[in-house]
Amino acid sequence: MAYATASELPLKLDRALPAISGGTPMSAYIPQDPALAIVFWIAVAVIAGSVLMLALVFLLRINLILKQRRERRFIGQWQPLLAECIYRTPEILPAIPTAMQYAFLKLWIYHLESMKGAAGRNLVQLANAAGVHEIVRDMIHHTDLRKQLIAVVALGYLGDKTRWHDLRMLVTDASPMLSLAAARALLEIDAAATLAWLITVIAAREDWPMAKVSAILKEIGPDRLTLPLIATAESAAASEDTVHQVPRLLRLMDLAHTERAAPAVHRILVRTSDAEVIAAALRLLQDPRDLPLLRAFTGHENWIVRINAVRALGRIGMPEDRKLLTDMLSDEHWWVRYHAARALIALPFTTIQELDMIRAILPDPYAADMLAEAIAEKRAS
Amino acid sequence: MISPEWIIAAQWFFLLYFIGLNSGYILLNLLSYQSLKRYVEEHSLDDLPRSLSGFEPPVSLLVPAYNEEATIASSVRSMLQMNYPDYEVIVINDGSKDGTMEALRREFALVPFPEAYWKRIETKPVRAIYRSTRHPSLRVIDKDNGGKADALNAGINASRYPLFCGVDADSILERDSLKRVVEPFLENPHTIASGGTVRIANGCVVDNGFLVSVGLPANFLALLQIVEYLRAFLFGRLGWSPLNAVLIISGAFGLFRKDSVVAVGGYRHDTVGEDMELVMRLHRWHRMRRIPYRIVFVPDPICWTEAPESLRVLKNQRVRWQRGLCESLTLNLGLLFHPRGGAPGWLAFPFMALFEWLGPLIEVVGYVFMISAFAMGIVSAEAFFIFMLVALGFGLILSVSALLLEELSFHIYPKPRQLAVLLAVVIIENFGYRQLNSLWRLWGLLLWMTRSKGKWGEMTRTAKWQTGTPAAPANRPPAP
């Protein structure tokens, strides 16, 4: 049906848009129907919002260009001075404007992380002379996470012990990024005083990514890391409340002197029935005296424990373990068979020809396939 | 004869639908802004020399290939040069009819290898497995043709590492793409999948499979898709991430925990949207069993892909995506409003169903209704004008906000001229392109409803931006 006049329209939209002419009041464009007027204003608001956002994008880009230009000039001024630190600390330093503090810290840290030895010390001297302490003191409590992070990293490199308490507080911060950066800074400042306490924090903070924790502890080196790690792991294993932390700590043992950890690992292994702890401990076994214990774990109900047991046999097993590992080639779990084949290859005094003979008489075709793959890999390597 | 009450109701329905749809996206936008701000702040020191890396878990890169003879060697070469501590590359030749297998054999000195192939997921028969004598971390699976999903499943079966990353053979990566997409797995042990932003490679310079410099395409259609991709990724997906309700991880580059994918049965063969369907099934499986999990979207641009430059190819792609979406949603209807559905079941799924699945139908019918009603004098010029104003306004604000998010974060297009072009595109795309897209998607919806496979066509890639590589056709477009 067609409507003859505007007054007949369903929404009673009887006021079509008035002709646009000079002097027409704004109210004439607004629909009289209240509901339609609301929609009209929504549309106007949305379009106005879009135009404002377009302008914002444009302004942001202008701001970015100007900022980059300022930063380029600033970096051009400071870069030669920072590079000079390879030989000596420059005597005359320009001021660091507030707007360039972040850019300076990033540039300074970049140089510090790229240089070693005396150059690093010169860079720290330069930072002291340039008043970096004062800059980071305020920045560490900034609401902008970027600034907080860079201030924490800078504090670590400055070796500033006066901010020790602040950094310790930040290690308990909810943000894993910030708390990890604070932990790293504390280790930079005084690893000996930090490490034992920090390892207990590492054990408890499951939100800290293990890959990042490992990267931080690797910087410390095995000499300093081994004893506190062993002590914390043993202490955690002794209590029901903290035993769940043990696998996490044992995984970090890869970064320590594992042979020194062997007695502690043995003690943990004989005391625990937790499959995750056992699997983590088996990864660290190095002592042939543990072989009887190790062999027993090849029959464990948990396949991850069995995998770690056969892998350990590959490391420290004896020729007499060949029979056991051959049997493991028929394990119900594919990954146990996979690792059993590789453990067989790794056993001492075992030749490819002997393995070929074993494969030829294996009744289980899956076991034979697995061993064939491992043999081919060995031949190809 | 239609009664006036019905016409009033229809007018208001379409109007409120448009407002609801776009308000939903604006809310997503706000969520994205928060996520993006935090992400940029947390990763502000990643470019320093002593970044905390080197202990990332090993990853299997799975590269399904079908008739990729011309480009497969350069693609694989680039994948072998990723900046990542420990990974393997598994190319799955899915019964190619051209010389893909020969090209691989020749280029990487492949030799047959006796592998104990573990068929955890059922696939078409595997003919042989090869290893490269030049690159120990490269293996090639030669199998009967079964489609991309089947090829990926074969790759999962052969993979040796706990995480796998499905990569399209024609995806252009950055050297640290893997490092960035693996981050969520380091941060939270419950992470089972993560994906990143896919950008358009047309107009960029690519050398040896890696992106060298970013540029805007000369082709107008590709240019329009840049803003579209910004919208789709920067808030269409990022907004859902903090709610753990990301429903799509692009098949062009997505990282998954292998055990989780095997537990749900791997990729399905019977859908063209196997990437989205898998993610939805992962949600459903974990939610129904109350297993804690996280599916994360990383806003970093980690993968670049070639966008169609002709209307025909673009139409085929969109029709195909719509069909994939329909299939993914209907195959996982159990998630919708399930008591354990959480944010994916109660927010993301209904949103997707209402605005993406049925959206094209309502949008196109809405436009047709308003235009024809106006032409017939049923709707006043005022009502028609307001409807169009709302549609335009919301379209505009969504595109501008995507550009704003980009400007606040990555500044991928550094030149002011590039930004000016994009600002113009943001406005222009509202006059025809978006409506055309809705029409194509409606066509996809109708084809799906009639269970007709239709003529999906081939995705012709020109690879003009790739230096030293000839143009080559490929038949599997990635879904953003």
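**Exercises on chains A and B**

A:E373 and B:R160 form a salt bridge whose closest N and O atoms are 2.8 Å apart; the term covers a side-chain nitrogen of Lys or Arg within 4 Å of a carboxyl oxygen of Asp or Glu. The model is predicted, so local features need pLDDT of at least 70 and side-chain atom pairs count only at pLDDT 80 or more, while totals for chains, interfaces and linings use all residues. Residues are numbered from 1 along each chain as its sequence is written, chains are lettered from A in the order in which they are written, and side-chain values use heavy atoms, leaving out hydrogens and water.

**Exercise 1.** Describe the interface of chain B and chain A.

*Solution.*
- Step 1: 64 residues of chain B contact 68 residues of chain A (heavy atoms within 4.5 Å).
- Step 2: The buried area is about 6,200 Å², with 73% from carbon and sulfur atoms; it is the accessible area (1.4 Å probe) that the two parts lose on being put together, summed over both.
- Step 3: The salt bridges between chain B and chain A number 8.

**Exercise 2.** Find how strand β1 of chain B is placed.

*Solution.*
- Step 1: β1(B) spans residues 59–65, and because 7 of the 7 are buried, the strand is largely enclosed by the rest of the structure. Buried means under 20% relative accessible area (1.4 Å probe, protein chains only); strands are DSSP runs (E, at least two residues).
- Step 2: β1(B) pairs in the parallel sense with β2(B), residues 87–94, over 7 bridges (pairing needs at least two DSSP bridges). Here B:V63 stands opposite B:V91.
- Step 3: With β6(B), residues 163–167, β1(B) has 4 bridges, also parallel; B:V59 has B:L163 as its bridge partner.

Conventions: Buried < 20%, exposed > 50% of the residue type's maximum accessible area, 1.4 Å probe, protein only.
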